[in-house]
Amino acid sequence: MSAPQKKTAGRSLLVTSAAALSSLALTAPIALAAPSPSPSASPSATPPARMSAVGGSRLGQAGTQVNLASGVPVIPKDITARSWIVTDAESGDVLAAHNAHWRLPPASTMKMLFADTLLPKFAKAETHKVVPSDLAGMGAGSSLVGIKEGETYTVHDLWLGVFLRSGNDAVHVLSAMNKGVAKTVTEMNEHAEELQALDTHVVSPDGYDAPGQVSSAYDLTLFARSGLQKKDFREYCSTVTAKFPGETKKDKKGKAVRKPFEIQNTNRLLSGDYDISQYQGIAGVKNGNTTNAGATFTGVAERNGRVLLVTVMNPSKEEHNEVYKETAKLFDWGFKAAGKVQPVGELVPPKGAAQSGTSGQAGGGSGGSGQSAGPGASAKPVTSATADGGSRGMGTAFAIAGGLLVLLAGAAFLVNRRWPLPDLVRRRSSRP
């Protein structure tokens, strides 16, 4: 075979029928999942030869999967993550992926599944007085928002602690309200199975390193996509700063005073940092970092009416904010490639939606929105804004503004419907 023929043959191996992928993704049975992890197993140093084929057979192959063709930009060469995936949040198309189903420790990105599972259970205004048992069992060195025993918090406060500060203390208090960590973990595993996130095994609801606790870039993207259908999830994950209740203390006059303190979102594509700017069009979702997991991140962003989800797990390059820098590069690639590149797979729908071929109204969770936007809906990105939204002084990045914003509709969940992201952008009031 001549050199040109070899190149053509190699290129043809990358090209897969989109129709065949769609058919496979929408009917992916449990049998396509890779073997369940042993509770004592730790992730291997290299991707296994056999991984899940949920969403398409290409996604079960090790290495980078992308359909190269004329006009399709090349994947950035300096992406060092062990696993990553770039998807169109609306259609569910997987534009490119690298070891998408590799089971790896997820760190606090597991909190997306925690939130998607528990958000519908408690009203925002519900209160809870913290007792010592609520905070028992947290791992050493856990990220904390600063919850104190004996103090009372609203559910709204607790969710701000989960999303902005990745507070394991807030997760444990909400789990206690849900009748315990064990029950919460069981429900999270059940919800993951319903979402067809079959790479995931939950051991700790906060994502703290635990033997056998794994997920994948593919599954984390499913969690984000499901969670973003909930109005409260969209609000919390896009909030930059908020006031959090402090500890009750006596002032100089002996009067009990409880002063709030400001917390900031640790998602650096949302809040920015000294070496990285807020990403244009960013609207969430969740970051994480532990010893075993390294840095992990799932983000959602919009440009020119196109909404993408990118998940990055454990970059090997040890630079400050590297996980966000690699995510930004993959977002840039995705926005350039979208509409040109043939997908290599698809995000599967939840089992219930796949079986019925439809689902209920958009939203879900407390305050879920059922509004939808037509095909012609458009939006203009903005860098930041502020909102009152029930929490005075809470700053929120409304990365997408104008009209009804589109997210997560399409074949995976509904036929000819689109999800709004979010109605928060219509509440751009100035800081009080």
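**A guided reading of the chain**

The model is predicted, so local features need pLDDT of at least 70 and side-chain atom pairs count only at pLDDT 80 or more, whereas totals for chains, interfaces and linings use all residues. Residues are numbered from 1 along each chain as its sequence is written, and side-chain values use heavy atoms, with hydrogens and water left out.

Of the 432 residues, 54% count as buried, that is, under 20% relative accessible area with a 1.4 Å probe, protein chains only. The secondary structure comprises 11 helices and 17 strands; these are DSSP runs numbered from the N terminus, with helices being H or I of at least four residues and strands E of at least two.

Just after α4, S166 adopts a positive phi of about 55°.

Two packed helices are described by the angle between their axes and the distance between the axes. Helix α3 (residues 111-118) and helix α6 (residues 181-194) pack at about 95°, with axes 9 Å apart. The two helices are therefore roughly perpendicular, a label given to angles of 65 to 115 degrees. On α3 the contact (heavy atoms within 4.5 Å) involves L113, F114, D116, T117 and L118, while α6 contributes T184, E187, M188, H191 and A192.

Technical notes
Axes are lines fitted to C-alpha atoms, for helices over the stretch in contact, and angles run from 0 to 180 degrees between N-to-C directions. Angles under 35 degrees count as roughly parallel, over 145 as roughly antiparallel, 65 to 115 as roughly perpendicular and the rest as oblique. Buried means under 20% relative accessible area, exposed over 50%, partly exposed in between (1.4 Å probe, protein chains only).
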